[in-house]
Amino acid sequence: TCWNCKTPKMMEWVKQYGDAFWSKDVNEFRSKDKINEMDETIGCANCHDPVTMELRPYSEPLKDWLKRNGQDWSKLSRNQKRSLVCAQCHVEYYFTHKDNGPAAKPVFPWDNGFNPEDMYQYYKGHGPKGADGKPGPFVDWTHAASKVGMIKMQHPDYEMFHDGPHGAAGVACADCHMPYMREGGKKVSSHWMTSPLKDPELRACRQCH
């Protein structure tokens, strides 16, 4: 399952194995005959169509969420795409329980919204089925002392951005983390994907602040 965010090679494996891919041992795909760790790591193809170089989703859980939400990637604005390509990985996610779909397939729990309460309500109905045949609450682990089921939030960067002041203002992730720059007379996005505060001149921040 972890391969969803580690290499675009994942798309080939999903075609080859179907949904059975998600519950396979991650180590099955680490050998040299499966992947070239130098050339097939996170790269251009994670965000760009290799033929046209247009932004495209490659992440299966993002594509699934767009479909559930009735959104067509081709009809989204460029500004939306400049955040959603980041949301392919910089998000909260969980692994599907076998009672509710393909075992261990990653899912973004955004059907009710992006804030913690929205996701908590989603999780309450996506765990293993009870005696009545209905899905119970999903939990990642059970606390050893209290015996209470817990959810391990991963890294909900996109969700915090979406409901924060920058998302509300219509700013895209790339506006701050991949700001436009001039290279040989051409306007391009910086691909030094890091905190804008690491730039001594704060060029990304100064576009608005």
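**Entry 1: Trp73**

I began with Trp73 and set aside its neighbours within four places in sequence; Trp73 is then in contact with Leu55, Arg56, Pro57, Leu66, Lys81, Leu84 and Val85. I note that the model is predicted.

**Entry 2: nonpolar cores**

I next looked up the largest nonpolar core, which has 17 residues. Those that touch the most other members are Leu62, Leu66, Trp73, Leu84, Trp110 and Tyr158. I then asked which helices supply at least two residues each, and found α2 and α5 (157-162). The most comes from α2, which gives three residues. I also recorded another core, lying apart from this one, of nine residues, including Met10, Trp13, Ile35 and Tyr58.

**Entry 3: helix α2**

I turned to helix α2, residues 60-68, and listed its buried residues: Glu60, Pro61, Leu62, Trp65 and Leu66. I recall that an α-helix has 3.6 residues a turn, so residues three or four places apart point the same way. Against what do the buried residues of α2 pack? I found α1, α3 and β2 (106-107) as their partners. Just after α2, I noted that Gly70 has a positive phi of about 70 degrees.

**Entry 4: Arg82**

I located Arg82 in helix α3.

**Entry 5: the disulfide**

I searched for disulfides and found one in the structure. It joins Cys5 to Cys89, with an S to S distance of 2.5 Å. I read -110 degrees about the S-S bond, and the link of Cys5 and Cys89 is left-handed. The two cysteines belong to distant parts of the chain, 84 residues apart. I placed Cys5 in the segment before α1 (10-17), and Cys89 in the loop between α3 (78-84) and β1 (94-95).

I listed Cys2 as partly exposed, at 45% relative accessibility.

I then checked Cys47, whose closest cysteine sulfur is in Cys86. The distance is 6.6 Å, so this pair is also too far apart for a bond. I listed Cys47 as partly exposed as well, with a relative accessible area of 23%.

Conventions: Residues numbered from 1 in each chain as written. Predicted model: local features only at pLDDT ≥ 70, side-chain atom pairs only at ≥ 80, totals over all residues. Heavy atoms only, no water. Disulfide = S-S within 2.5 Å. Helix = DSSP H or I, 4+ residues; strand = E, 2+ residues; numbered from the N terminus. Buried < 20%, exposed > 50% of the residue type's maximum accessible area, 1.4 Å probe, protein only. Contact = heavy atoms within 4.5 Å. Core = buried A, V, L, I, M, F, W, Y, C linked by side-chain atoms within 4.5 Å.
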